[in-house]
Every structure is written in structure tokens, then in C-alpha cells.
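This report describes a group of annotated residues and their surroundings. Please view the sequence and structure first.

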Amino acid sequence: MRKIYIFDTTLRDGEQSPGVNLNMQEKVEIALQLEKLGVDRIEAGFPAASPGDLAGVNAVARAVKNASIIGLARSREQDIDAVHEALKGAQDPCIHLFLATSPIHRKHKLRMEKEQVLATAEAAIRYAKKYFDKIEFSPEDAGRTELDFLCEVTAMAIRAGATVVNIPDTVGYLNPSEFGNIFKTLKENVVGIEKIQLSAHCHDDLGMATANALAAVLNGADQIEGTINGIGERAGNTSLEEVVMALETRQDFFQAKSSLVLGEIARTSRLVSKLTGMVVPGNKAIVGANAFAHESGIHQDGMLKEKTTYEIMSPETIGLKDSKLVLGKHSGRHAFREKLVDMGYDMNDELLNATFAKFKDLADKKKNVTDEDIRALIEEKLIETPEVFVLDTMQLSYGNQSVPTATIRVTTIEGGTAEEAAVGNGSVDAIYKAIDKVTQEDVELEDYSIKSVTQGKDALGEVHVVLRQGDYSVQGRGVSTDILEASAKAYIDAINRLIEKRKSPARNSRDNVTLI
Ligand SMILES: CC(=O)SCCNC(=O)CCNC(=O)[C@H](O)C(C)(C)COP(=O)(O)OP(=O)(O)OC[C@H]1O[C@@H](n2cnc3c(N)ncnc32)[C@H](O)[C@@H]1OP(=O)(O)O
Ligand SMILES: CC(C)C(=O)C(=O)O
Ligand SMILES: [Mg+2]
């Protein structure tokens with residue numbers, strides 16, 4: 001299988017992401033993790049940019065033993081000297097020289113004719129040769145450079161002593177067919193091309209960086225440059241984890257492979273995100289939080305039966321523990337039952353269906369249904385008391401200058417409905433007075449407590465009440481995303497228990513649920 005060399009530029013092009021600034025310790029920490037990941041080459045920075053960057057590159061050069069360390073330089077002697085200085089102590093140093101070659105850059109930025117570009121680049125490569133055996137040369141904005149001129153530049157770089165010629169699509173302009181064609185053309189037309197490695201460096205301005213890098217592989221590229229999590233200038237660089245996992249997953253198609261330690265991918269991604277402050281989007285391929293998460297019922301059912309139905313790679317390969325089945329409003333009974341078993345509950349079908357219906361109601365109101373949410377729902381269901389009254393609707397009129405009024409409608413065990421309104425000192429007081437009237441029960445509220453059982457603004461609120469009627473004392477519990485609804489449910493729950501208790505005080509209510 002053909003080996004594809006992986007050139008990581010997280011510490012150089014990745015650091016060019018607006019707002020990212022890595023200090024020396026952070027650069028070393030990332031570089032050591034990249035070494036564990038097994039990247040072949042690490043571009044550690046641009047030493048001429050600042051004394052801090054020079055020191056950072058030097059610290060990386062001294063710390064890393066198992067990857068080639070690279071410093072970037074313009075085609076200028078002072079930049080080359082800075083890289084020479086920075087790479088002192090490196091086991092396997094390499095300089096990366098660049099000069100733009102496209103008509104736009106030649107005319108507006110460099111203000112050079114083609115001949116000057118060729119001469120400047122050649123002089124730089126020859127100067128660098130004094131210090132370095134390994135020289136990578138990049139014709140910046142190769143993607144918008146005339147193809148015949150690009151062949152001329154590549155031939156010059158080989159003659160002058162470059163060991164790698166890197167083809168950057170600097171502004172992410174090309175599509176895979178055009179980018180692949182550059183490699184094919186260079187391979188077929190440049191004298192001496194077999195003496196060097198060809199490399200691809202893509203940007204994601206049109207979302208094609210990974211596809212372009214893979215097109216380069218298909219057309220003979222030996223090396224792919226990119227960053228972890230795809231960070232970098234503007235829309236970023238090729239995301240290395242995407243390229244590497246595409247090669248791994250589709251070996252049958254690409255017939256090429258990197259030598260990365262795939263199990264270090266997730267850890268490396270998390271470290272880079274933490275130290276750069278660049279959050280990885282949930283839907284990011286390979287390393288996004290949802291990359292191995294499934295919410296919809298049909299997918300979850302497929303996953304439970306056979307993972308390959310909906311996963312083309314396994315999360316373990318990149319160092320994650322497992323796939324996630326996320327319960328939400330699109331989930332089905334198979335996944336719900338699996339979740340309950342995981343949590344230690346085993347229910348008969350009837351109770352499962354009833355709890356599932358409640359779960360769907362909650363999922364409609366809440367983005368993430370957590371284990372605590374489910375536990376709260378189940379435990380509400382475990383106490384099997386006949387529901388003499390069920391809260392149907394509740395309306396509340398509240399203003400800080402007016403008297404709170406609540407209207408409560410309940411359905412009764414006989415199938416009828418009843419409705420009453422009441423005023424109170426506060427919203428909960430008004431609700432409870434209306435419930436007293438509609439249930440025609442005379443009770444005393446002995447205790448009322450409220451707590452949040454889950455996290456976030458849409459958390460479930462759980463209300464506990466203790467009601468007394470003569471010798472009987474009962475508890476009631478209600479759970480809802482709305483604390484007033486939870487208050488009403490808790491009060492009605494307690495009244496239902498009171499009615500039951502008056503009839504059969506010793507009833508065991510846990511018959512149809514088994515806690516494993
Ligand atoms: C596509 C890429 O990612 S390229 C890498 C981009 N990264 C960076 O630029 C980060 C580090 N850069 C820096 O810190 C600064 O730009 C420095 C220290 C390199 C240079 O700073 P300054 O001397 O103030 O120049 P400034 O950045 O304003 O302008 C760049 C100069 O370099 C020239 N230049 C640009 N690329 C090259 C090159 N590859 N070779 C030679 N000269 C170049 C420009 O034409 C311009 O020259 P001019 O001053 O004669 O007009
Ligand atoms: C320095 C070069 C390779 C670069 O980053 C680019 O052209 O995008
Ligand atoms: Mg770049």
C-alpha cells in the first residue's frame with residue numbers, strides 16, 4: 001500500500017486562524033501530541049515573524065524526536081537565517097520556502113515578472129541549501145497559476161535542490177478535478193519529478209479542502225498538508241483527520257494509507273481545540289461531538305441490530321469509547337428500552353409504552369433528554385396510584401399589580417371533566433385553591449419544595465408536596481419543564497394518593513416494574 005506522508009501545519013497555518021495565539025509551552029504540548037499521533041512532519045511556525053515564534057519553533061525542534069520539524073520562510077535571506085537559527089537542536093530539520101507564482105500575486109503583491117519570481121525563488125533555494133538537506137518549496141497560490149508556468153517553477157525548484165514541491169490552493173479556489181489535474185500534469189511533464197515528493201496544501205474556502213487533497217492523492221501526491229480540526233487562515237486548511245480517515249475507510253478505493261496512530265485522533269483534536277480556543281462544531285466530520293451520535297429511531301434501531309447499518313467507521317478507531325444513542329424526539333421504542341435497561345430498569349410492554357409516551361411529550365419540549373430526566377419520568381410512573389384526577393389544562397393570570405387567578409380543568413377517572421377558578425396570594429396559592437375546589441377535597445399543605453432535577457434553562461423542575469387531611473398525610477410529586485405545571489401535578493398527585501389511601505392504606509404499588 002502506498003504511504004502518504006502527513007505534514008501537520010497546525011502550529012503554523014493553524015495558528016494563522018484569527019484570534020489564535022499559542023505560546024511556547026502550548027506549541028510544545030501540541031507538538032508532543034502530534035508526535036504521538038505519528039505525523040511525519042510538523043511545521044512549527046514562521047521564525048521570522050517574531051522572536052516569540054522563533055523561540056517556539058526552537059522549543060518544538062528540541063522537544064520532538066520522532067518527526068521532522070519545519071520552519072516557514074519567505075524567499076528572503078533573513079527569513080532563511082531565522083529558520084536556521086530556530087531549527088538548531090532538531091533531529092530532522094527542514095525549511096519550507098515559498099514565493100507566490102499566480103498572475104494576481106505577481107502583479108499586485110510581489111510586483112514581479114515571471115523571470116523575477118523564478119530568479120528569486122531559485123536564489124532562496126540555493127541559499128537555503130547551505131544549511132538544509134531537506135527543502136520544501138511552495139509556489140504560493142499555485143491553484144491560480146498558469147499550468148505551464150507552474151511546471152517551469154517546479155522544474156526550477158528541483159534543479160535548485162528542493163526535496164519536496166508543495167502545491168498550495170492558497171485561497172481554496174479549485175475543485176477536485178482541477179486540483180487533481182495539476183498533479184497529473186506535473187507528473188507527466190516535469191523533468192526530474194521522480195526525484196522529489198509532491199505535496200498538496202488546500203484551503204477550505206469553498207468547503208473542498210478534503211476533496212481536493214484526496215484528488216491530489218489519486219493523482220500521485222506523496223504528502224498531504226493540513227491541520228487538526230481543519231483550523232487555519234479564513235475557512236481553514238484541510239482537516240488532517242478527515243483525509244487520514246478517508247484513506248483508512250476507503251483503502252479499497254485510494255490504495256494509499258498514512259502511518260498515523262489513529263487511536264490518538266480524538267485526543268489530539270480535543271487538545272488543539274482546548275489550547276487554540278477554537279470550538280469543534282458538533283457536526284464536524286470525524287471529531288465533532290455528533291460524529292458518532294444517533295438520534296433518530298430508525299437509525300438507533302439499525303445501530304442496535306448492527307452498527308455498520310449507520311456507521312462506516314467505529315469510534316474506537318479514533319480513540320473514542322463508543323457510539324452514542326441520544327434520546328430525543330426522533331427516538332423510537334427500541335432505543336428507549338435499551339436506555340432503560342442500561343439505567344437498570346426492566347419494564348413490561350404496557351408500562352414501557354406509557355413511559356415512552358411521557359418521554360415523547362417531554363422530548364417535544366426539551367432539546368436534550370438526559371438520564372436524570374428519564375429517571376424522573378420513570379419514578380413518577382413507578383408509584384402506581386389510580387389517577388382519579390388528571391390535570392387537563394391550567395390557565396393563570398398573573399401581574400405584580402393584580403391578584404393571581406388560576407383556572408384548572410381536570411379529567412376524572414369516570415371520563416368527565418371539571419373546571420374551577422380561584423384567586424390566591426401568589427400563583428401557586430391560586431392554583432392550589434382552584435384544585436381544592438375542582439377536586440372538592442379539603443386538605444392542608446404541610447410542605448412544598450421545588451428543585452431542578454436536570455441542567456440548563458429548559459431543565460425539568462420537580463415539586464414535592466406533603467398534604468394532610470385528618471389522620472392521613474400523603475406526599476405528591478410532579479415533574480415538568482414548567483414549575484407551575486409541576487406544582488399543580490404534585491398537588492393533584494397527592495390528592496389522588498389521599499383518595500387511594502382512604503380506600504386501601506397498605507397497597508404495594510410497585511408490582512409492574514422491576515428494578516434490576
Ligand atoms: C499563504 C501563507 O499562509 S503565507 C504565510 C503567511 N503568514 C504570515 O504572514 C505570518 C507571519 N508574517 C509576519 O509576521 C510578517 O508579515 C513578516 C514579519 C513576515 C513580514 O513583515 P513586514 O516586513 O512588516 O512585511 P509585510 O508583512 O507588511 O509585507 C510582506 C512583504 O513580504 C513580501 N513577500 C510576501 N511573500 C513573500 C515571499 N514568499 N518571499 C519574499 N517576499 C515576500 C511582500 O511582497 C511584502 O514586501 P514589501 O514590503 O516589499 O512590499
Ligand atoms: C505557505 C503556503 C504553503 C501556504 O500556507 C498557502 O499557500 O496556503
Ligand atoms: Mg496555507
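## Two histidines in contact

In this predicted model, a polar contact of 3.2 Å joins the side chains of His203 and His201. A polar contact is a pair of N or O atoms within 3.5 Å; within protein, one must be able to donate a hydrogen and the other to accept it, and residues adjacent in sequence count only if both atoms are side-chain atoms. The side chain of His201 also makes a polar contact of 2.9 Å with that of Asp13.

## The annotated site

The unreviewed UniProt entry lists Asp13, His201, His203 and Asn237 under "binding site". These residues span 225 residues in sequence, yet no two of their C-alpha atoms are more than 10.4 Å apart, so they gather at one spot. UniProt positions follow the numbering used here, feature names are shortened, and annotations may be inferred rather than shown by experiment.

## Surroundings of each histidine

His201 is buried, with a relative accessible area of 4%, and His203 is buried at 3% (buried means under 20% relative accessible area, with a 1.4 Å probe and protein chains only). Not counting residues up to four places away in sequence, His201 touches residues including Asp13 and Asn237. With the same exclusion, the contacts of His203 also include Asp13 and Asn237. Contact means heavy atoms within 4.5 Å.

## Basis of the values

Residues are numbered from 1 along each chain as its sequence is written, and chains are lettered from A and ligands numbered from 1 in the order in which they are written. Local features need pLDDT of at least 70, side-chain atom pairs count only at pLDDT 80 or more, and totals for chains, interfaces and linings use all residues, while side-chain values use heavy atoms, leaving out hydrogens and water.

Technical notes:
Buried means under 20% relative accessible area, exposed over 50%, partly exposed in between (1.4 Å probe, protein chains only).
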